[in-house]
Amino acid sequence: MLVLQTGSIFASTKEGFVQDYFIIGQGLAGSVLALKLLEQGKRIHVFESPQPNTSSTIAAGLMNPVTGKRMTVSWRADEMFPIASRFYQKQESLLNTSFFYPMPVYRVFSSVGEQNDWTAKMHESRYSRFISPDAIEALDATQFRNPFGGLKVTGGGRLDVPQLMDATRKRLLEEGCFSLRHISAEDIQTIGEGYSIGEHQARRVVFCTGVDMDNWGFLPFTPMKGEVLEVEAPQHDREKIVVGGCFFSPKTNGNFYVGATYDWRNLNLVRTEKAKLELLERLGRFVEGNPKVVDHRVGVRPAVKDRRPMLGQHPEMKGYYLLGGFGSKGVSMAPYLADCLIAHMEHGQELDVELNLRRFL
Ligand SMILES: Cc1cc2nc3c(=O)[nH]c(=O)nc-3n(C[C@H](O)[C@H](O)[C@H](O)COP(=O)(O)OP(=O)(O)OC[C@H]3O[C@@H](n4cnc5c(N)ncnc54)[C@H](O)[C@@H]3O)c2cc1C
């Protein structure tokens with residue numbers, strides 16, 4: 001049973017007793033935030049539930065700056081992509097492991113009309129960071145069905161998200177600031193101007209809990225189920241991601257990801273034959289060789305009604321913060337958003353209206 005205390009306990013911060021931050025959840029959001037706070041010399045403690053099938057463990061980890069049927073430059077890609085690439089590369093060297101693989105993303109043209117459109121518009125300045133003037137290429141026809149060629153997009157790549165999380169966990173364990181424990185609302189006690197969880201105290205709590213939104217139920221989360229396949233395709237090039245009706249992306253273990261589906265209605269973790277057949281049908285349109293399915297996985301993405309992330313302080317609970325709503329683009333957004341939240345918490349820097357959870361209050 002916790003005894004509520006006042007200011008005295010926070011006086012011990014100077015002696016190194018109280019943490020600056022609790023982080024609840026060590027998916028992609030919690031991992032990136034934890035690494036950034038440690039880099040800044042902050043004292044943290046991270047709590048993570050032992051849950052399988054979280055969005056970050058299922059994610060294919062693509063960072064693709066030009067997306068969608070109409071192939072538009074992703075929201076704030078000019079700012080976010082360079083920050084993300086630099087951050088992941090730096091962490092690879094600090095954590096002494098590999099998890100980030102910059103590589104081109106090829107978009108296979110479906111018709112000569114599409115090829116003509118891109119021949120005209122690829123020189124527009126809005127694409128210049130990601131599409132070079134010689135970006136239209138033919139892919140190896142023994143591997144990819146691409147009679148009209150494809151567009152090479154640079155500046156992206158893939159992150160092995162589970163590997164990043166494992167390396168982060170190892171670092172947190174070395175620092176003695178990680179607990180494998182589900183935290184419910186009752187576990188967090190107010191203490192002076194901060195909070196306690198068990199024997200730990202901290203000034204602020206940051207929720208990085210993905211779709212698990214206790215305390216934040218007033219926000220318009222619209223979670224989105226996704227299914228992804230793992231296939232064997234030993235003859236295929238591992239140095240690029242190829243997008244046709246779906247993506248075909250190398251995986252660290254030598255196989256490939258094929259994905260993903262989007263389902264707003266059935267928010268369960270059930271793998272469906274329908275999704276598998278749909279992905280295989282789309283794959284067959286542009287990938288040669290009938291890759292063999294070796295795994296089929298499902299997760300739910302933490303998405304938001306207006307397709308933007310959500311950051312900021314709880315309107316009633318001072319010191320409670322949220323970093324979430326990453327939807328299907330967490331990999332490219334996480335490092336930038338963690339910077340924004342830290343600047344807000346540490347220096348009172350205003351959050352951009354498009355990111356701030358207050359837009360829904
Ligand atoms: C099929 C699929 C494919 C995807 N592909 C891509 C992709 O290619 N590129 C991309 O950028 N994104 C992709 N995503 C989306 C990506 O997974 C998310 O944007 C991102 O991983 C979300 O990270 P998060 O940390 O916010 O949430 P989560 O991954 O859900 O992490 C939340 C963590 O909090 C923990 N937690 C929750 N509640 C508690 C609690 N009360 N106490 C303690 N711990 C708690 C959970 O155990 C979990 O580990 C994909 C998602 C799916 C489902």
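Which residues in H2 meet which residues in H6? In this predicted model, the H2 side of the contact consists of Leu-28, Ser-31, Val-32, Ala-34, Leu-35 and Leu-38. The H6 side consists of Val-161, Leu-164, Met-165, Thr-168, Arg-171 and Leu-172. By class, the contact of H2 with H6 has 9 nonpolar residues, 2 polar residues and 1 charged residue.

The geometry of the pair was then examined. Helix H2 covers residues 28–39, and helix H6 covers residues 161–175. Their axes come within 10 Å. They cross at roughly 45°. Angles under 35 degrees count as roughly parallel, and 65 to 115 as roughly perpendicular. H2 and H6 are therefore oblique to each other. The crossing of H2 past H6 is left-handed.

The domain arrangement was considered next. The domain assignment of the chain gives two domains, each built from separate segments. Domain 1 comprises 8–57, 162–216 and 306–360. Domain 2 comprises 73–160 and 221–301. The C-alpha centres of domain 1 and domain 2 are 29 Å apart.

At the interface, 37 residues of domain 1 contact 29 residues of domain 2. The two domains bury about 2900 Å² between them. Carbon and sulfur atoms account for 64% of that area. On the domain 1 side, Asn-53, Gln-163 and Tyr-336 supply 19% of the area buried against domain 2.

Definitions and conventions
Residues are numbered from 1 along each chain as its sequence is written. This is a predicted model: local features need pLDDT of at least 70, side-chain atom pairs count only at pLDDT 80 or more; totals for chains, interfaces and linings use all residues. Side-chain values use heavy atoms; hydrogens and water are left out. Axes are lines fitted to C-alpha atoms, for helices over the stretch in contact, and angles run from 0 to 180 degrees between N-to-C directions. Helices (H or I, at least four residues) and strands (E, at least two) are DSSP runs, numbered from the N terminus. Angles under 35 degrees count as roughly parallel, over 145 as roughly antiparallel, 65 to 115 as roughly perpendicular and the rest as oblique. A crossing is left-handed if the near helix is turned anticlockwise from the far one by less than a right angle, and right-handed if clockwise. Contact means heavy atoms within 4.5 Å. Ala, Val, Leu, Ile, Met, Phe, Trp, Tyr, Cys and Pro count as nonpolar, Asp, Glu, Lys and Arg as charged, and the others, Gly among them, as polar. Domain bounds come from an automatic or database domain assignment. Buried area is the accessible area (1.4 Å probe) that two parts lose on being put together, summed over both.
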